[in-house]
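Here is a short report on how a model is packed inside. Please keep the sequence and the 3D view open as you read.

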Amino acid sequence: MNLENILTGETDGAVYSIGAVARMVDIPASTLRAWEERYALISPARSEGSQRLYSRAQVEQLRFVKAQIDAGASAADAHRLLAQEVHAGRPPVATDPAGGPRALVLIAERDPYAAELAEHFLRTEGYDVAVALDATHARQLFHQRAPNLVLVDLLVSGNAGFRLVDEFASAGPAQVLAVSAVDSGEEAIRLGAAAFLRKPLEALRLVATVRDLINAGGPVRTSRRQPARA
Amino acid sequence: MIERLPSGIARLDHVLNGGLLKHGINLIVGVPGSGKTILSQQFAFHNASAENPVLYLSTMSEPLDKILRYGEASTFFDRSAVHDGRVVYEDLGHVIGEQPLDDVLSTLDGYLKQVQPGLIVIDSFRAFHQVTHDTAEFRRFLYGLTRRLTASATTSLWNAPYTREQALDAAEFAVADGILALDIKRVAERELRVLQVLKMRGGSFRAGEHAYRITEAGFDVFPRLADTGVDGHYEMSSTHTATGIAALDALLGEGGYWAGATTLIAGPSGIGKTLMGLHFLHHGAETGEPGIMASFQENESQLARVVAGFGWSIDDPSVRILSRSIVDLNIDEWVYQLLDLADESRAKRIVVDSLGDLALAAADPVRFREWMFSLTRRCSRAGVSLMLIVEVPDLFGLNRISEHGISHLADNVVLLQYVQEGSELARALTILKTRAMRHRPVVHRYEITGHGFALGDAISLTR
């Protein structure tokens with residue numbers, strides 16, 4: 001990773017470490033390495049220090065493979081399917097029709113700096129983002145824009161975030177991701193949040209969590225019912 | 001429990017109770033030459049990863065090339081980390097334009113989004129003070145900076161060339177969550193590097209000044225021994241350690257000192273104190289209790305000759321020698337050499353020759369007593385018997401033992417002195433004190449033979 005490349009906006013370059021990718025796609029790093037050697041299909045770039053660096057496109061390809069395997073295919077079949085997609089010039093993208101890369105995330109966050117960072121990270125990943133800095137505006141945007149996911153700071157407008165989690169979770173179908181500087185995971189989950197993250201939010205963790213929640217659609221995969229914790 | 005960002009320097013992390021405050025603002029203050037940049041880089045390289053790179057920002061006061069050039073001389077400097085962007089060095093100096101402080105903030109916004117650093121080092125922070133003389137403007141800048149850093153998942157480490165006193169008045173002090181001060185103290189004619197935690201929000205740390213040293217490998221820290229003594233009950237040993245002098249064991253009644261006890265051997269020059277120590281160690285070696293001779297009096301060659309004179313060998317692997325001169329001796333640093341060697345050699349017996357040398361090196365008598373208390377405590381808890389040799393000036397009668405206030409810490413005190421018997425000068429031994437043992441405070445004659453100590457009859461002193 002090179003600062004100049006990053007600052008010139010080459011965010012689609014090879015930036016993700018194998019550890020980060022393993023977390024994002026929920027496949028162990030050892031498996032990623034084994035697949036790379038066995039199928040020679042998803043081959044990440046190497047840094048000067050010989051570290052693997054994955055691009056966003058490769059992360060998408062891995063998600064595709066993972067989705068095939070989750071649907072019952074073998075790893076070999078999943079890679080064959082991926083090869084067909086690539087040959088056909090169809091870059092695989094997140095497959096869930098309800099989600100998709102242009103899903104809308106509503107951020108209800110009291111801290112403008114935190115909101116700006118979260119917005120930037122999510123937009124970089126291809127999401128549409130709407131930001132509300134208080135509870136009233138958040139409600140308004142929620143009903144106007146029907147977001148796929150709402151990121152709620154529990155302490156927005158005093159402690160109105162707790163009520164927002166409750167309201168948005170009951171209203172559905174948006175997933176609710178609660179965040180707070182204070183460890184409030186228990187309460188947030190009880191009120192209906194799909195996950196809780198402790199602030200400050202790490203970019204990779206935020207993106208991975210949002211993507212998981214939107215793509216996995218929450219209750220379909222039971223393992224996702226466990227609250228994610230920072 | 002607030003998460004910590006370790007330095008990778010075990011004893012520094014021990015002082016910091018784990019490391020810097022993760023996602024917090026940490027300040028390293030210290031006079032020029034105290035090693036702020038070295039320590040910052042050590043934190044940088046230890047915590048750098050592809051997912052959480054480290055952003056190292058130099059400011060107007062420190063040219064980046066200089067930081068890099070001297071940094072590279074350290075063994076922890078990892079060029080591959082710089083190449084593949086796990087550690088990103090940038091110079092804030094050239095982004096400064098018409099609105100310097102605003103430029104810093106907007107540049108930082110860019111870095112937070114694009115580099116997504118897990119750790120940001122600003123070296124040095126004082127440069128920002130020099131940009132403006134408007135206090136209100138500076139505080140606005142500081143507030144803006146703090147807001148941004150708090151919102152992002154990054155740990156901050158700011159350097160500033162302040163003394164500990166100046167640090168208290170600096171505006172950064174209020175916004176910093178943790179403050180570590182580096183200082184160079186002048187003790188008599190010597191320089192002593194010490195570090196001290198001045199502030200640590202929401203967490204504990206080891207209070208007080210801790211000695212440190214800077215080597216090619218970076219920082220080495222020697223946390224002050226400060227065992228409070230309230231750390232609970234521990235199992236006292238119920239066995240005895242023979243002194244190596246059979247007649248003395250008999251005199252002590254139970255076959256020696258209690259294991260883990262501290263014994264003070266006091267006497268004038270040439271009376272045989274070191275020899276008593278050697279008896280103690282070599283008897284231990286013969287009975288499966290390794291030991292350490294920690295000497296400031298004699299170097300290894302000198303000691304080898306003394307040892308050989310009594311039929312022992314300096315090469316006995318069960319008796320390790322820790323010898324050094326008192327020149328530039330730092331007792332906090334030295335004690336870790338001793339404790340590390342004791343761990344490594346599984347020592348059960350330690351002889352220190354002599355206490356006066358340590359007291360001299362310590363400079364501060366109050367601190368020395370604390371230190372000594374902690375050392376005896378540690379040895380006792382570990383079941384290590386400690387023998388401390390003390391030189392007294394009086395050849396004959398004894399007015400007082402100048403033992404630096406240690407005798408009340410000692411479980412046993414043995415006095416060696418010269419006595420006059422008619423026209424002859426004889427050596428005599430008296431057990432002045434034994435804790436939790438019965439003894440008879442009788443003066444016994446002894447001689448030093450080719451086999452060492454030969455304890456003789458009780459004598460009555462005539463003056």
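**Cores**

The model is predicted. Its largest nonpolar core has 127 residues. The residues with the most contacts inside this core are A108(A), V165(A), V176(A), L177(A) and A193(A). Helix α10 of chain A, residues 203-216, gives the core its largest share, 8 residues.

Take V165(A) as a close-up. Leaving aside residues up to four places away in sequence, V165(A) touches V152(A), V176(A), A178(A), A188(A), L191(A), G192(A) and A193(A).

**Domains of chain B**

Domain 1 of chain B puts 7 residues into the contact, and domain 2 of chain B puts in 6 residues. On the domain 1 side, β9 (190-200) and β10 (210-215) of chain B each supply at least two residues. That side of domain 1 of chain B has 5 nonpolar residues, no polar ones and 2 charged ones.

**A helix pair in chain B**

Helix α5 (residues 100-114) of chain B packs with helix α7 (residues 135-151) of chain B. The angle is about 5°, and the axes are 10 Å apart. Angles under 35 degrees count as roughly parallel, so α5(B) is roughly parallel to α7(B). These residues make the contact:

| Helix | Contact residues |
|---|---|
| α5(B) | L101(B), L105(B), L108(B), D109(B), L112(B) |
| α7(B) | E137(B), F141(B), G144(B), L145(B), R148(B) |

By type, the residues of this contact of α5(B) with α7(B) comprise 6 nonpolar, 1 polar and 3 charged.

**Helix α14 of chain B**

Which residues of helix α14 (residues 355-362) of chain B are buried? They are L355(B), D357(B), L358(B), A359(B) and A362(B). What do the buried residues of α14(B) pack against? Two helices of chain B, α13 (331-345) and α15 (365-381), are among the partners. So are two strands of chain B, β17 (349-353) and β18 (385-391). Just after α14(B) comes A363(B), with a positive phi of about 70°.

Terms used. Residues are numbered from 1 along each chain as its sequence is written. Chains are lettered from A and ligands numbered from 1 in the order in which they are written. This is a predicted model: local features need pLDDT of at least 70, side-chain atom pairs count only at pLDDT 80 or more; totals for chains, interfaces and linings use all residues. A nonpolar core is a set of buried Ala, Val, Leu, Ile, Met, Phe, Trp, Tyr and Cys residues joined through C-beta atoms within 7 Å. A residue is buried if 20 or more other C-beta atoms lie within 10 Å of its own, exposed if 12 or fewer, and partly exposed in between; C-beta atoms are placed from the backbone. Helices (H or I, at least four residues) and strands (E, at least two) are DSSP runs, numbered from the N terminus. Ala, Val, Leu, Ile, Met, Phe, Trp, Tyr, Cys and Pro count as nonpolar, Asp, Glu, Lys and Arg as charged, and the others, Gly among them, as polar. Axes are lines fitted to C-alpha atoms, for helices over the stretch in contact, and angles run from 0 to 180 degrees between N-to-C directions. Angles under 35 degrees count as roughly parallel, over 145 as roughly antiparallel, 65 to 115 as roughly perpendicular and the rest as oblique.
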